[in-house]
Amino acid sequence: MIRLKLLVALVIVLPFLTAMVPLDEALFEAVKHGDARKAEALLKQGADVKAQDKEDGRTPLHWAAANGYKAVMEVLVIKGAMVDAIDEEMRTPLHWAAYNGHLPVVERLLAGGASVNAVAKNGWMPLNAAVARGNAAIVEVLLAHGATVNAIDKKFGMTLLHKAVMEGQDAVVHQLIMAGAEVNITDRDGKTPLHWAATTARLIIIDRPSRSGRWTRFPDIRDVS
């Protein structure tokens, strides 16, 4: 009798369980193709807005943010997607949007409460991602929302200013310094951003108020002996 009841229960429940997997897979496909209308329909049918893919644990919102699909993202957020969901590398949708240069998505995520200083496994915050790509517009937005400007890379002991100087990202260098980046901090090899500027033969001249209230001029590489 007990076995019969279990069999009946399985017959009733199994179709619903097996139906959920294709729904979630279909949701990922819709999101990856930027189809907001289809994504919404699938969510109404029962697809899980917080589902994680088998590749690296990304949610539909990760994929929408990574591809810059703001309309799809709006649908997902309304349906309960977590703006600070993390994948297997602890990257949030904001990490992906910042790295891939999707400014409107970055702004929407921040407006929705996304953590500007969320830390991934590799130590990166969204600002690291934006600086890595030299995206001055996104760097500006993240800094305006309180992004940590003097975070130190655990592997090389470098700050974002070190890296921006090394990559020759003059606009980003200017932004970081104006936001309070330490110009005399040394990396693991004892080099300051100015040392790296000498190595790469470049550094823009930047003025900013010092702590005393006076303006401090950082020298052009040609002024360094």
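**Entry 1: Thr-159**

I began with Thr-159, which I found in the loop between α8 and α9 (160-166). Helices here are DSSP runs of H or I with at least four residues, strands are runs of E with at least two, and both are numbered from the N terminus. The model is a predicted one, in which local features need pLDDT of at least 70, side-chain atom pairs count only at pLDDT 80 or more, and totals for chains, interfaces and linings use all residues. Residues are numbered from 1 along each chain as its sequence is written, and side-chain values use heavy atoms, with hydrogens and water left out.

Is Thr-159 buried or exposed? I noted a relative accessibility of 2%, so Thr-159 counts as buried. (Buried is under 20% relative accessible area, exposed is over 50%, and partly exposed is in between, with a 1.4 Å probe and protein chains only.) Leaving out residues up to four places away in sequence, I listed what Thr-159 touches: Asn-150, Ala-151, Ile-152 and Ile-185. Contact means heavy atoms within 4.5 Å.

**Entry 2: the chain as a whole**

I then went through the elements of the protein chain and noted 11 helices and two strands. In sequence order the pattern reads α-α-α-α-α-α-α-α-α-α-α-β-β. The protein chain has 225 residues, and 41% of them are buried. I also looked at contacts between residues at least 6 apart in sequence; 60% of these join residues at least 24 apart.

**Entry 3: Asp-87**

Next I looked up Asp-87, in the loop between α4 (70-78) and α5 (93-100). With a relative accessible area of 4%, Asp-87 is buried.

Which backbone nitrogens does the side chain of Asp-87 reach? I found the backbone nitrogen of Glu-89 at 2.9 Å from this side chain. The backbone nitrogen of Arg-91 also lies 2.9 Å from a polar atom of the Asp-87 side chain. Side chain to side chain, Asp-87 makes a polar contact with Trp-96 at 3.2 Å. (A polar contact is a pair of N or O atoms within 3.5 Å; within protein, one must be able to donate a hydrogen and the other to accept it, and residues adjacent in sequence count only if both atoms are side-chain atoms.)

I set aside the neighbours of Asp-87 within four places in sequence and listed its contacts: Asp-56, Gly-57, Arg-58, His-62 and Trp-96. I also checked Glu-55, which is 32 residues from Asp-87 along the chain; their C-alpha atoms are separated by 9.6 Å.

**Entry 4: Met-90**

I stayed in the loop between α4 and α5, where Met-90 is found. Met-90 is not a glycine, yet I noted a positive phi of about 65 degrees for this residue. At 36% relative accessibility, Met-90 counts as partly exposed.

**Entry 5: α2 with α4**

I turned to helix α2 (residues 36-45) and α4, whose axes come within 9 Å and cross at roughly 15 degrees. This makes α2 roughly parallel to α4. (Axes are lines fitted to C-alpha atoms, for helices over the stretch in contact, and angles run from 0 to 180 degrees between N-to-C directions; under 35 degrees counts as roughly parallel, over 145 as roughly antiparallel, 65 to 115 as roughly perpendicular and the rest as oblique.) On the α2 side I listed Ala-36, Glu-40 and Leu-43, which meet Ala-71, Val-72, Val-75 and Leu-76 of α4.

**Entry 6: α6 with α8**

I looked at helix α6 (residues 103-111) and helix α8 (residues 136-144), which pack with axes 10 Å apart at an angle of about 10 degrees. This makes α6 roughly parallel to α8. I wrote down Leu-103, Val-106, Glu-107 and Leu-110 from α6, and Ala-137, Ile-138, Val-141 and Leu-142 from α8, as the residues that make the contact.

**Entry 7: Ala-171**

Last, I looked up Ala-171, which lies in helix α10 (residues 170-178). Its relative accessibility is 47%, so Ala-171 counts as partly exposed.
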